[in-house]
Amino acid sequence: MATVESIPVAPPNEYYEIRAIPGKGYGCFALKAIKRGTRILADDPLLVVPMANYMQRDIQEAFEKLSPEQKAQYFTLHSGHGQDARKWPSRIHESVAEQERQRIQEQHQARIGKEPTLISIFQINCMEMDQGAAVFPHAARFNHNCNPNACFTWNSAIGKETIHAMSDISSGEEVTISYCDMVHDKKLRSWELKHYGFVCDCRACGEDEDDESTFAYQSATRRFRLQELERETRFLRGSRLECGAREEGFVKKLLEMAALHQQEGDYTARLATVFLDMALVCEFNKDIRMAALTAAKAVQVKKDCQGADFAEYAKYAAVLARLNAKLAERKA
Ligand SMILES: [Zn+2]
């Protein structure tokens, strides 16, 4: 007799519910129209592993501390086990150190195993948290899309994983996040997603990238150009921004990056940093009006994707306040 699996339940909230997707498990669907910047979820960690290169014993240790209910909740999450061993490399290079070798073997065994294990659940559900990773039981229910309509962040100030709408979402639309770097090309994305045990069939992955009339072609072109621009500007940003300010065409490159991120629907913290850098460069070049305009955009994006309670937000708000004060001084 077939067993009926119960549908996972979202925490009490006004924005989304979990529904079954025929042949694809479950997904989170909007219960009403959601505006960009809305915090859809703020989720407490269930199981925390405080280091990046965790071993099975580290997950075990964290798991032992959970209550019986929490342990049961952990095992309701999707697991990455049951993958085809032939689709993964069978040898580990001899230069790999013993500890790392054991780590790779543990991960591999979990992936190709026949049953869900602590690792097979952790490896496809964990999200970065401070120096390590954690499983957030509700955030883990959101499916992947290479052009998602929401983004996730570990917010250390409130101790929760947040999910924010990064575009306006229609009622009934699935709310998705990206499990991989949005700038990566299709080949790299499919390698990253292979670790989660699925092949992405979103528009950017499913359509023909060589057909100029498709979204996939346009998206691939934008991602390629963004990677180029990131390489060209990488060493002129952050602490070296003053060098960038003196470089011919630098602001134009930042402008192009901001435009491409927006066209790709990538309203994440990365777009906020591009706007902030533009503002600081304009300030350095004494174009205070433009600096204040772009700083306002940086603040808006930062708030929309992470919230005003995110620790770094204060830095953005301070730049905008400083520029607005300079502007007011000039007008006086
Ligand atoms: Zn995709």
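How many aromatic pairs does a search of the whole structure find? The search finds eight. Please keep in mind that this is a predicted model.

I shall begin with Tyr 54 and Phe 122. Their ring centres are 4.8 Å apart and their planes stand at 80 degrees, so this pair is edge-to-face. Tyr 54 belongs to the loop between β4 (47-49) and α1 (56-64), while Phe 122 belongs to helix α4 (residues 118-125), so the pair ties together parts that are 68 residues apart in sequence. Are these two residues buried or exposed? Tyr 54 has a relative accessible area of 7%, and is therefore buried. Phe 122 is also buried, with a relative accessibility of 0%.

The second pair is Tyr 179 and Phe 198. Here the planes again lie at 80 degrees, with the ring centres 6.2 Å apart, so this pair too is edge-to-face. Tyr 179 is found in the loop between β10 (174-177) and α5 (186-194), and Phe 198 in the loop between α5 and α6 (203-206); the pair therefore ties together parts that are 19 residues apart in sequence. Tyr 179 is partly exposed, at 23% relative accessible area. Phe 198 is likewise partly exposed, at 29%.

Aromatic residues also form a cluster in this model: Phe 63, Tyr 74 and Phe 75 make up one such group.

Finally, I turn to charges over rings. Which residue has its charged end over the ring of Tyr 54? It is Arg 103, at 5.3 Å from the ring centre.

Methods: Residues are numbered from 1 along each chain as its sequence is written. This is a predicted model: local features need pLDDT of at least 70, side-chain atom pairs count only at pLDDT 80 or more; totals for chains, interfaces and linings use all residues. Side-chain values use heavy atoms; hydrogens and water are left out. Rings of Phe, Tyr and Trp (its six-membered ring) pair if their centres lie within 6.5 Å; planes under 30 degrees apart count as stacked, over 60 as edge-to-face and the rest as tilted. Helices (H or I, at least four residues) and strands (E, at least two) are DSSP runs, numbered from the N terminus. Buried means under 20% relative accessible area, exposed over 50%, partly exposed in between (1.4 Å probe, protein chains only). A charge sits over a ring if NZ of Lys or CZ of Arg is within 6 Å of the ring centre and within 35 degrees of the ring normal.
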